[in-house]
Amino acid sequence: MAIDQDIEMRAAELRERLHRYNYHYHVLDDPLVPDANYDEDMRELIQLEENHPALKREDSPTMRVGGEVLSGFQKVRHERAMLSLGNAFNEQELWDFDRRVRQGLSPEDDVTYSCELKIDGLAVALTYEEGRLVRGATRGDGQIGEDITSNLKTVGSIPLHLNEAVSLEVRGEVFMPEHSFQRLNEAKGERGEALFANPRNAAAGSLRQLDPKIAAARNLDIFLYAIGDDRGAGLASHHEAIAYMKKLGLKVNPENRHVSSMEEVIAYVQHWIEKRKDLRYEIDGIVIKVDSLRQQDELGFTAKNPRWAIAYKFPAEEKMTTLTDIELS
Ligand SMILES: NC(=O)c1cnc(OC2CCCC2)nc1N
């Protein structure tokens, strides 16, 4: 029986409104309406879709907390390997990196750098086809990861559809904010359960849950930091790729900076060694990338790492490790 036109319109209006509320709340950290309004609209859309199943869309906001508990995760091969970063542990090693970069390019080539906070979470790849999220996978060993789409759909800051109907793969870091980590461990402590040692393990443990309802309750978040294939999008630089992802409605870190010298990179690193404690999530360093994509192509990769990027690692904080059991993540 054909669905009444008005009901079709109402469902479309609710889908769009909930998508917008979700974007403002989770991506912009700037809610448009009180939670009660969001919940009321969500309840109405769930009711409409239940009464008229033909209204259901794969990217409806009601489809975030998926269905059944999985028996396991499918393996996924990444078309472009998700590489790991080489490390620098002091300023001299950053100058060494700068020298190697300039040696790998022609002498008159200007080099500028993109600086990013190194989010201490779990690397994932998100695949969108014609603007719709079709798959989310862990990095795994860089070649083979696990399909955790149902868990990643529960992350509010991961949009189920983009602002444009483009097909691309993006990569980023899923993390658990500090306050959520504290709250989770308090609850675990009260239940006499093993605690997570740090937010990174808590995020990894949450994404490994076979029941999406558990992942949905862990308040995970994400920052995207690379396009799997940014050559296709006609972009010339990394900072343009970041701006493009933001335009599509993806969450990128507001502290990213495009700078034009290693002196400025070092100033950025020194700033965040000091200020990292004020962040609401953990970082374990700073990622520095040659900004020009042409220069990245010229520099290429070693067996394991890109020659055009490096991670400056902060000294590990001398944490008072308590003797509680640490949940095997
Ligand atoms: N943990 C992070 O925040 C992070 C990790 N990785 C990258 O870059 C990849 C893509 C190019 C080389 C490694 N950027 C980051 N910001």
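Q: How many salt bridges does a search of the whole structure find?

A: The structure is a predicted model. In general, a salt bridge pairs a side-chain nitrogen of Lys or Arg with a carboxyl oxygen of Asp or Glu, within 4 Å. Here the search of the whole structure gives 26 salt bridges.

Q: Where do Glu 13 and Arg 17 lie, and how many residues apart are they?

A: Both belong to helix α1, which covers residues 5–27, and they are four residues apart, about one turn of the helix.

Q: Is Glu 13 buried or exposed, or partly exposed, and what of Arg 17?

A: The general idea is a pair of cut-offs: buried means under 20% relative accessible area, exposed means over 50%, and partly exposed lies in between. Glu 13 is at 39% relative accessibility, so it counts as partly exposed. Arg 17 is at 18%, and therefore counts as buried.

Q: Which residues are linked with Glu 13 and Arg 17 in a network of salt bridges?

A: The network also takes in Arg 10, Asp 41 and Glu 44.

Q: Which side chain meets that of Glu 164 in a salt bridge?

A: The partner is Lys 247, with an N to O distance of 2.8 Å. The two residues are 83 apart in the chain: Glu 164 is in the loop between α4 (149–152) and β7 (168–175), whereas Lys 247 is in helix α8 (residues 238–247). Glu 164 has 30% relative accessibility, so it counts as partly exposed.

Q: Where is Lys 118 found, and which residues is it in contact with beyond its neighbours within four places in sequence?

A: Lys 118 is found in strand β3, residues 113–119. Its contacts, with those neighbours left aside, include Leu 85, Glu 282, Asp 284, Val 287 and Lys 313. Lys 118 has a relative accessible area of 19%, so it is buried.

Q: What separates the C-alpha atoms of Lys 118 and His 179?

A: A distance of 19 Å separates them, and the two residues are 61 apart along the chain.

Note on methods: Residues are numbered from 1 along each chain as its sequence is written. This is a predicted model: local features need pLDDT of at least 70, side-chain atom pairs count only at pLDDT 80 or more; totals for chains, interfaces and linings use all residues. Side-chain values use heavy atoms; hydrogens and water are left out. Buried means under 20% relative accessible area, exposed over 50%, partly exposed in between (1.4 Å probe, protein chains only). Contact means heavy atoms within 4.5 Å.
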